[in-house]
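Biologist: I have a few questions about how this model is described. Shall we look at it together?

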Amino acid sequence: MKTIEQAKIYIRENFDKGVDCPCCGQLVKKYKRKLNSAMARGLLKMTSLPSGFNHVSDIMKDISQTGSNDFSKLKYWGFIEQAKNNDPTKKNSGYWKIKKQGILFAKNEINVPKYAEIYNTKLISFSAEQTNIIDSLGNKFNYSELMSNK
């Protein structure tokens, strides 16, 4: 490839399956993220915590040792909002609060798309397939499924 524009076209044509960037070598991939049980349990726990912002470690305590990274994905469905980060030494604040959409989902009053397609931390689209809190509680995280994008 001779230009950055050609590299961008190549990446856009191949990011569904994953491709190494021809400029830097980094893996470029669109991920199909599923609402999973750790995320659903974290959301349910938020409904019992004090209103306002709570730290992710308090939210995910006794739920998941590794699920705190997935927890933040709930923002793509509009379920949670992150507090502003005022500490330049940290990437983010780590504090989250549940939003109305999250409460409705936790109460099983609404269905939402089961999958969010994410590229470079940006929401690309949602699946037509729907889910609810009960079904989400039965969906364990599956690395192979995430990497295959099926």
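Modeller: One term to begin with: contact means heavy atoms within 4.5 Å. Keep in mind that this is a predicted model.

Biologist: What is F79 in contact with, leaving aside its neighbours within four places in sequence?

Modeller: Its partners are L35, L43, L74, K97, I98, K99, Q101, G102, F105 and V112. Each has heavy atoms within 4.5 Å of F79, so each counts as a contact.

Biologist: Which residues have the most contacts inside the largest nonpolar core?

Modeller: F71 and F79, in a core of 25 residues. Such a core is a set of buried residues joined through side-chain atoms within 4.5 Å, and buried means under 20% relative accessible area. F71 and F79 belong to the core, so both are under 20%.

Biologist: Which elements give two or more residues to this core?

Modeller: α2 (37–46), α3 (56–60), β6 (95–98), α5 (100–106) and β8. The largest share, 5 residues, comes from α2. A second, separate core has 5 residues, including I11, F15, V19 and V28.

Biologist: How do you know that β8 and β9 pair?

Modeller: Pairing takes at least two bridges. Strand β8 (residues 115–119) and β9 have 4, in the antiparallel sense, so they qualify. Y119 stands opposite K122 in β9.

Biologist: What is the strand order in the open sheet?

Modeller: β3-β8-β9, with antiparallel pairing. β3 (31–34) and β9 (122–126) each have a single partner strand, so they stand at the edges, and one side of each lacks a neighbour in the sheet. From one strand to the next, the twist averages 35°.

Terms used
Residues numbered from 1 in each chain as written. Predicted model: local features only at pLDDT ≥ 70, side-chain atom pairs only at ≥ 80, totals over all residues. Heavy atoms only, no water. Axes fitted to C-alpha atoms, helices over the stretch in contact; angles between N-to-C directions. Buried < 20%, exposed > 50% of the residue type's maximum accessible area, 1.4 Å probe, protein only.
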